[in-house]
Structure formats: structure tokens, C-alpha cells
Amino acid sequence: MTPLSESLLAKEKEKAKGKTKGKTEEAEAPEETSAPVLSVRDLHITDGATGREIIHGVSFDLTPGRTVGIVGESGSGKTLTCRATLGILPPHFEITGGSVEIDGTDIRELTPQRWTELRGATVSAVFQDPASYLNPSIRVGAQIAEVLRAKKGLKRREARHRAVELLRAVHLRDPELVFTQYVHELSGGMLQRVLIAAAIAADPQVLIADEATTALDVTVQAEILDLLADLRERTGLALVVVSHDLAVVAQLCDEVLVMRQGEVVEHGPTERVLYDPQHEYTRLLVSEHEQYGLEKFLAPTSAPAQEDA
């Protein structure tokens with residue numbers, strides 16, 4: 001369980017008073033006028049090998065520029081839910097109830113070819129161990145360029161130029177050098193930035209970040225979270241953030257689902273769920289995280305009420 005750095009917490013505390021009001025005002029217009037780019041309705045997932053249902057009725061909508069957090073202990077069903085939205089459930093697992101719609105299309109109607117077109121271009125993902133998703137025998141820049149050639153139809157020189165721009169956009173110093181390097185030459189934080197660059201190369205509408213900062217040093221973790229927030233604000237990217245760290249969710253997410261044993265036990269605006277949790281399990285999670293500085297995110301929310309009293 002990795003806490004955010006003290007410097008990040010202090011910075012967020014300073015921003016929080018104006019941020020809470022601003023976030024509420026921002027939420028009103030887009031939420032009412034924008035159709036969901038990702039809609040999960042009463043999702044049920046079953047392990048066909050055992051016949052046991054693993055996910056029990058998960059629902060949420062995600063509109064452009066918004067961020068939904070999914071939290072819970074290991075084995076609660078967070079990652080399985082996300083894999084369903086990407087059409088990459090493990091063998092034997094299948095959707096047995098409800099629906100998942102991407103940009104208005106039910107994924108059950110998608111052919112393998114259409115899935116190939118959608119992944120990366122409409123919905124993309126960043127996972128916990130970037131080295132596992134990058135080819136160690138190919139220069140990292142060439143891997144991003146290949147995404148651009150396949151998804152955007154760019155010529156070789158155009159793809160290289162754009163790949164360098166993407167490496168610069170994710171705040172990698174000397175992106176021309178990074179383009180030529182291999183996986184083993186880069187740090188964990190640099191690899192995570194490379195993976196984000198590859199994930200956003202085809203301008204997806206939805207990015208799923210599944211424990212994307214868990215294994216990183218706290219300072220690098222804070223930088224990656226700031227990068228994701230910056231991408232959301234600049235491009236209107238919709239984010240699904242999967243994490244067991246409530247401080248990550250408190251910083252980045254507009255709303256949060258709390259999962260336990262395959263079902264959502266609590267769902268609502270982040271400030272309400274984390275500051276005034278209704279379910280016993282959510283209260284337990286918040287209590288466990290308070291020692292890591294979570295209260296520094298939540299204190300500004302309670303400040304006005306204390307002053308009024």
C-alpha cells in the first residue's frame with residue numbers, strides 16, 4: 001500500500017479549497033450534455049470452468065473528461081471488470097449478464113476485426129508492470145511508431161516524428177534519446193510514461209489505468225498522476241482508475257466505486273464516499289488509509305461546515 005509523497009499531499013491541500021467548487025461546476029454541464037463513452041450496466045461475469053459467478057451486477061457511466069475510480073482489496077473484481085470492458089477476459093471467463101457499451105456500441109456485437117480497430121483508437125489501457133507490455137528486443141520509440149502506423153496510417157517518418165512528440169508530451173527528458181533506447185535501459189517511471197505514450201498514441205476516448213502507479217516510487221507516482229490529470233484536462237480523455245490506494249483516487253477521481261467480493265458496495269461522488277462513507281467496508285478502507293495522509297485530501301471538504309457551525 002503505497003502512500004503519496006508528503007509534498008504532493010501538501011500541494012493538493014493548497015489546491016483543494018478552490019478545486020472542490022470548480023470541480024462541481026465543471027461536472028454539471030458536461031455530464032448533462034455528453035453521452036457516455038463507456039457504459040457498464042448490471043455486469044455479471046462467470047468462471048465457466050467452475051460455474052461460479054465472480055462479478056455481481058457492476059454498473060457505471062463514464063463521460064468525456066471525467067474520471068471514475070474503482071477501489072477494493074485484491075481479488076475484489078476490479079481488474080476483471082476492466083478486462084471485460086476491453087474484451088480481454090481470461091480463458092473460461094465470460095459475461096453472463098448485463099452489458100458493456102463503448103461509444104454507444106454493445107461489445108457483444110463487435111467482431112474480432114472491430115475489436116482490433118477499437119482497442120487503442122477508442123479505448124486503451126495502462127497496466128501495473130509496463131515491462132511486461134513492451135517488447136524488450138525492439139526500441140521503445142519504434143513500438144510507439146508502430147502503433148501510429150497501424151492505427152493512424154502514418155508513414156514511417158511521420159510516425160517517428162509523432163512518437164517523439166508523444167514522448168515529450170508525457171514529460172520524458174530528451175525524448176529523441178528515449179526513442180532509441182530499449183526497455184532495460186529505462187527506469188520503471190520512464191517505462192510507465194512510455195506505455196502511456198503508446199496508449200494515447202491513437203487518441204483514444206477512454207484510458208483505463210489499472211494499478212498504473214502501484215509499483216512506482218512515491219515521487220514518480222505523483223508525477224504520473226499529475227500527467228494523467230493533465231491529459232484529461234487538455235484532451236477531454238475519460239479515465240478509469242483502478243487502485244487499492246484511496247489517496248490516488250482522492251486526487252484524481254470524480255466518482256468512485258468500492259468493490260468487495262465481486263460486487264459494488266458503495267458508489268458515488270469521491271468527496272461523499274471518502275468523507276462520509278455509508279458502508280462498513282468503505283469505512284474500514286478509509287480508516288486504514290488515514291494514517292497515509294488521506295485526511296489531508298478530505299479536510300478541506302469538511303472545513304466550511306466547521307466554520308458555519
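Author: Helix α8 covers residues 218–235, and its 18 residues should span 26 Å at 1.5 Å a residue; the C-alpha atoms at its ends are 26 Å apart, which agrees. The expected span is 1.5 Å times one less than the number of residues in the helix. Helices are DSSP runs of H or I with at least four residues, strands are runs of E with at least two, and both are numbered from the N terminus. The model is a predicted one, in which local features need pLDDT of at least 70 and side-chain atom pairs count only at pLDDT 80 or more, while totals for chains, interfaces and linings use all residues. Residues are numbered from 1 along each chain as its sequence is written, and side-chain values use heavy atoms, with hydrogens and water left out.

Within α8, the buried residues include Q221, A222, I224, L225, L227, L228, A229, L231 and R232. Buried means under 20% relative accessible area, exposed means over 50%, and partly exposed lies in between, with a 1.4 Å probe and protein chains only. After α8 comes G236, which has a positive phi near 80°.

Helix packing can be followed in another pair. Two packed helices are described by the angle between their axes and the distance between the axes. The axes of α4 (residues 140–152) and α7 (residues 188–200) come within 9 Å and cross at roughly 15°. The two helices are therefore roughly parallel, a term for angles under 35 degrees, with over 145 counted as roughly antiparallel, 65 to 115 as roughly perpendicular and the rest as oblique. Here axes are lines fitted to C-alpha atoms, for helices over the stretch in contact, and angles run from 0 to 180 degrees between N-to-C directions. V140, I144 and V147 of α4 make the contact with V194, A197 and A198 of α7, where contact means heavy atoms within 4.5 Å.

Two single residues complete the picture. T46, in strand β1 (residues 38–47), is buried, with a relative accessible area of 12%. Leaving aside residues up to four places away in sequence, T46 touches G51, R52, E53, I54, H92, F93, E94 and T96. H289 belongs to helix α11 (residues 280–289) and is buried, its relative accessible area being 3%. Although H289 and A247 are 42 residues apart in sequence, their C-alpha atoms are 7.7 Å apart in space.
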